[in-house]
Amino acid sequence: MPTPRHLDAIEHFFATKRLAMVGLSRDPKHFSTVLFRELLRRGYDVIPVNPRTPEIDGHRTYLRVQDIQPPVDTALLMTPAAATDAAVADCAQAGVRQIWLYSAGSGGAVTESALAFCRDYNIEVVPGECPFMFLPQNGMHAVHGWINKLIGRYPKHAA
């Protein structure tokens, strides 16, 4: 990826307590729903964006990030790659200044065109990490972080 993964952007993302979660699944066992619940449990105000359902877990969903009022500055994209570019453009039109493009291994929300768009529009981006790995007291996800540190793939603070 041409965009560096800096721990600074990850820490900045988690410092923001109100965010949109785009591509949140209706499936209660889906990874995105598990992450949604965990962020809520940790005190985050997570606003779901899913045009296919009016609510998830009792939380109103929005068709687009632009529809959220008051607006959000931060968005976590759990979209498939095919939906990422449209979601990033929607975020930019809504005034979002930071986007996390979720990815676990292969696939996920990361696309070269989304990264280029974020660079062109000066949107801070976290490309292709699992948010669970960076949450304190994250159980088994700590192992994932430890492995990434061992193989040199764990993000570092910007120089």
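Analyst: Helices (H or I, at least four residues) and strands (E, at least two) are DSSP runs numbered from the N terminus, and Thr74 is found in one of these, strand S5, which covers residues 74–77. The model is predicted, so local features need pLDDT of at least 70 and side-chain atom pairs count only at pLDDT 80 or more, while totals for chains, interfaces and linings use all residues. Residues are numbered from 1 along each chain as its sequence is written, and side-chain values use heavy atoms, with hydrogens and water left out.

User: Is Thr74 buried or exposed, and with which residues is Thr74 in contact, leaving aside its neighbours within four places in sequence?

Analyst: Buried means under 20% relative accessible area, exposed over 50%, and partly exposed in between, with a 1.4 Å probe and protein chains only. Thr74 has a relative accessible area of 2% and is therefore buried. Contact means heavy atoms within 4.5 Å, and once the neighbours within four places in sequence are set aside, Thr74 is in contact with Phe13, Thr16, Arg18, Leu19, Ala20, Val96 and Gln98.

User: How should I read an aromatic pair, and how many does the structure hold?

Analyst: A pair of aromatic rings is described by the distance of the centres and the angle of the planes. Rings of Phe, Tyr and Trp (its six-membered ring) pair if their centres lie within 6.5 Å, and planes under 30 degrees apart count as stacked, over 60 as edge-to-face and the rest as tilted. The structure holds 7 aromatic pairs. In the pair of Phe13 and Phe14, the ring centres are 5.7 Å apart and the planes stand at 90°, so this pair is edge-to-face. Phe14 and Trp100 form another edge-to-face pair, at 5.5 Å centre to centre and with 65° between the planes. This pair links distant parts of the chain, since Phe14 lies in helix H1 (residues 7–15) and Trp100 in strand S6 (residues 98–102), 86 residues apart. Phe13 counts as buried because its relative accessibility is 2%, and Phe14 does so at 12%; Trp100 is buried as well. Phe13, Phe14, Tyr44 and Trp100 form one aromatic cluster.

User: Which helix holds Leu115, and how many Å separate the C-alpha atoms of Leu115 and Asp85?

Analyst: Leu115 lies in helix H4 (residues 112–120) and is buried, with a relative accessible area of 0%. From C-alpha to C-alpha, Leu115 and Asp85 are 9.2 Å apart in space, although 30 residues separate them in sequence. For Ala83, whose place is in helix H3, the relative accessibility is 32%, so this residue counts as partly exposed. The C-alpha atoms of Ala83 and Ala109 are separated by 7.8 Å, with the two residues 26 apart along the chain.

User: Which helix gives the largest share of the lining of the largest pocket?

Analyst: That share, 4 residues, comes from helix H3 (residues 81–93).
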